[in-house]
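Subject: Structure handover

Hello,

Here is the structure I said I would pass on. My notes follow below it.

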Amino acid sequence: MFKKNAVALAVAATLGLPCVAMAQSQEELRALREQVRQLDKRVTDAEQAAIQASNRPAAESALNPAVSLILNGIYANLSQDPNTYKINGFVPTNGDVAPPPRGLSLGESELAIAANVDHMFRGTGIFSISSENEISVEEAYIQTLALSYGFTIKAGRFFSAVGYQNQIHAHAWDFTDAPLAMKAFLGNQLSDDGIQLKWVAPTPLYFDLGVEVGRGKSFPSGPDGGRDKNGFGSGNFFTHIGGDFGTGTAWQTGLSYLTTSPQDRVYDDVDSTGTPVTNSFTGKSKLWVLDGILKWAPNFNPTDMNFKLQGEYFRRKENGDLTFDTATPPASSGPQTGGYDSTQSGWYLQGVFQFVPMWRIGYRYDRLNSGTTNIGLVDSGALTAADFPILAKYNPTRQTVMVDWSPSEFSRIRLQYAQDKARSDATDNQVFLQYIVSLGAHGAHKF
Amino acid sequence: MKTILRFAAALSSVVIALPAAAALNVFACEPEWGALAQELGGDKVSVYAATTALQDPHRIEARPSLIARIRTADLLICSGSELEIGWIPLLLTQSGNDKVQLGSPGYFEASQYVIKLEVPKVIDRALGDLHPGGNPHVHTDPRNIAKIAAALEDRLIQIDPANADTYRSRSKSFLERWQAAIARWEKEAAPLKGVPIVVYHRDFSYFINWAGMRQAGSLEPKPGILPTPSHLAELIDQMKRSPAKVVVYSPYNSPQAAEFLSSRANIPTVMMPFTVGGTEKAKDLFGLFDDTIGRLLATVK
């Protein structure tokens with residue numbers, strides 16, 4: 001070994017040294033050194049690049065879909081029993097409209113899994129697990145990626161594009177609970193099994209048109225779970241226009257029209273003697289929703305300060321037949337049925353202001369108008385208005401304030417106080433303290 | 001319902017009848033890519049920059065106006081490496097435009113064509129808002145701009161072969177001027193070698209690497225987490241022991257934290273242009289680097 005090295009050195013000395021000694025000036029040497037240094041750097045860079053490349057996950061799991069988990073928990077202090085919650089003046093929706101139970105409780109945990117299926121479709125599944133350990137499919141749909149000319153098709157179960165807030169998941173809402181109008185007209189939040197076709201116009205001003213057809217598996221359709229029939233149980237048409245004002249304000253306004261034909265849509269009430277009864281409605285239900293949203297941030301940079309104004313107006317017409325006490329035995333001439341029609345409306349307006357980074361305050365005003373309700377059985381004198389107490393004229397209101405703190409875009413802690421006058425006979429003072437966090441994939445939020 | 005349908009049909013026929021613009025519609029996620037597309041495309045492209053230097057590209061609302069612009073785009077140019085993950089995927093699914101979806105020729109991610117720095121070895125949200133693919137702010141190294149320009153030239157030719165000659169000649173001319181400018185900037189930036197610098201966010205890493213500067217700290221305690229008083233106090237202590245020469249921030253950052261550190265630790269602070277349009281002088285890519293180097297030299301001297 002030693003010998004070999006020695007020989008090599010000798011050879012190098014005899015061949016190389018004379019050349020160096022002969023010609024190279026100091027300057028050329030320096031240039032050479034610089035070249036060697038640069039080469040060395042390039043080799044190091046290349047090495048680093050190779051290391052980086054090799055660090056990338058290359059396992060089977062690299063193709064796993066994006067997974068995210070929403071956790072939330074709540075402390076509720078309510079002056080009224082949430083089990084007796086009702087919105088007077090409006091047909092009960094059988095939806096999940098009551099406030100959370102008093103005291104500490106776990107909110108819905110939400111597991112979302114999404115990925116591009118292939119070059120044609122994207123798939124999304126969102127499953128919620130209630131604090132009572134029930135799993136439900138909140139959304140599960142496929143969406144086209146490769147249709148051109150501004151068309152997209154969505155199929156499966158998804159939140160209907162009726163109004164604005166209905167399409168947004170509860171964890172991204174600016175208040176703990178839904179507006180009263182959503183509770184009264186959509187059973188808190190309307191999700192249906194269906195197909196949606198949407199078209200976005202090729203104009204600088206945002207404009208879209210869309211249509212949804214669905215099973216009609218929940219309020220305002222009925223019965224619960226949808227009818228046993230071919231075709232569709234509900235239809236929804238919607239359009240939005242949106243754009244920017246100047247260099248800090250973005251706006252969008254939308255109009256939607258939801259039409260369904262409920263058949264034997266039941267709800268619980270009591271009669272004039274206080275005995276529980278089940279009534280049912282069969283007919284047509286048509287809901288118009290006008291919504292508007294405005295978001296402001298200096299130079300569209302929401303980090304330090306931003307403001308959001310949001311409002312929706314709902315108007316519903318229902319007409320058909322109302323059956324009183326469906327359980328009346330046929331022996332005593334069976335349940336009584338008469339005509340029914342109603343025109344009702346409701347709206348809310350809310351503003352949320354982030355005044356310093358991470359802190360937001362918000363105020364919301366809710367109002368429902370029970371409008372006109374004509375009950376055939378009452379008009380004919382067969383029954384009295386006292387037999388339909390929930391439908392008695394009443395205009396519920398609610399005022400809500402909240403403050404929340406978001407140390408990062410993945411966590412939020414919120415304190416909310418509401419004075420809820422949904423019941424005609426009592427005011428519910430509600431205090432909520434809530435956390436919402438999101439783990440995993442970085443989901444983007446809709447405007 | 002019939003009226004709605006009739007209205008819809010009438011409206012769509014009007015909209016469809018609008019003449020299509022002749023130029024290639026480019027949607028640039030950040031102003032630097034808009035400027036680059038303009039350099040290479042000239043009048044063959046119509047560039048829309050989705051953001052300005054005053055906006056944090058990490059935090060952009062998926063506004064209706066942006067969906068409308070992506071709807072008609074032929075080419076989308078973004079930094080990539082998950083910089084735009086909070087808004088671009090949503091805009092893409094909403095737009096119904098197949099030309100610019102991931103995997104289509106019209107989808108161009110600039111950071112794919114350069115070696116990325118700061119690829120995290122451990123990914124955990126407790127470490128801040130990390131980009132698993134590495135630091136996405138690749139445009140702050142002028143050599144990266146050259147590499148990306150070459151890749152973008154190929155892409156433009158692929159999408160719009162009819163104007164290939166224009167793209168080739170404009171790209172050649174740009175790269176010649178750019179290489180000459182890099183040579184000049186290298187000389188100018190020589191005094192910055194080894195200079196310790198405090199950044200707001202790690203958005204100058206590529207520049208620091210190119211100029212041979214030394215990153216001595218960041219105002220953000222962790223990437224994407226806004227400066228906190230306790231972290232700033234730590235940083236002030238650290239600056240007392242081994243002072244940095246300059247504190248920099250971007251136009252979209254609030255200057256308060258930088259000024260606080262600057263006044264306590266007696267280190268000058270500079271707002272860097274960060275991207276095209278960030279300062280008066282940063283009118284184009286050349287101006288961006290002229291001004292970046294100029295501002296640093298003026299402070300460090």
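In chain A, strand S3 (residues 109-116) and strand S4 (residues 121-129) run antiparallel and are joined by eight bridges. Strands here are DSSP runs (E, at least two residues), as helices are (H or I, at least four), both numbered from the N terminus; two strands pair if DSSP finds at least two bridges between them. A:Leu111 is opposite A:Phe127 in S4(A), and a hairpin of four residues leads from S3(A) to S4(A).

S4(A) is also joined to strand S5 (residues 135-144) of chain A, by nine bridges and again antiparallel. In this pair A:Ser128 faces A:Ser136 in S5(A). The hairpin of S4(A) and S5(A) has five residues between the strands, and A:Asn133 there takes a positive phi near 65°.

Before going further: this is a predicted model, in which local features need pLDDT of at least 70 and side-chain atom pairs count only at pLDDT 80 or more, while totals for chains, interfaces and linings use all residues. Residues are numbered from 1 along each chain as its sequence is written, and chains are lettered from A and ligands numbered from 1 in the order in which they are written.

Chain B has an open sheet of four strands in the order S2-S1-S3-S4, with parallel pairing. Its edge strands, S2 (45-49) and S4 (107-109) of chain B, each pair on one side only. Three bridges join strand S3 (residues 75-78) of chain B to S4(B), and B:Leu76 stands opposite B:Tyr107. H2(B) lies across S1 (24-28), S2 and S3 of chain B, at about 170° to S2(B). Such angles run from 0 to 180 degrees between N-to-C directions, with axes fitted to C-alpha atoms, for helices over the stretch in contact.

Chain B is divided into domain 1 (22-183) and domain 2 (191-300); the bounds come from an automatic or database domain assignment. How many residues of each domain are in contact? Contact means C-beta atoms, placed from the backbone, within 7 Å, and 28 residues of domain 1 of chain B meet 24 of domain 2 of chain B. On the domain 1 side, helix H2 (31-41) and helix H5 (142-159) of chain B each give two or more residues. The largest share, five residues, comes from H2(B).

Finally, the contact between the chains takes 43 residues from chain A and 38 residues from chain B. Elements of chain A that give two or more residues to it include helix H2 (26-55) and strand S6 (151-159).

Regards

How values were computed
Two residues are in contact if their C-beta atoms, placed from the backbone, lie within 7 Å.
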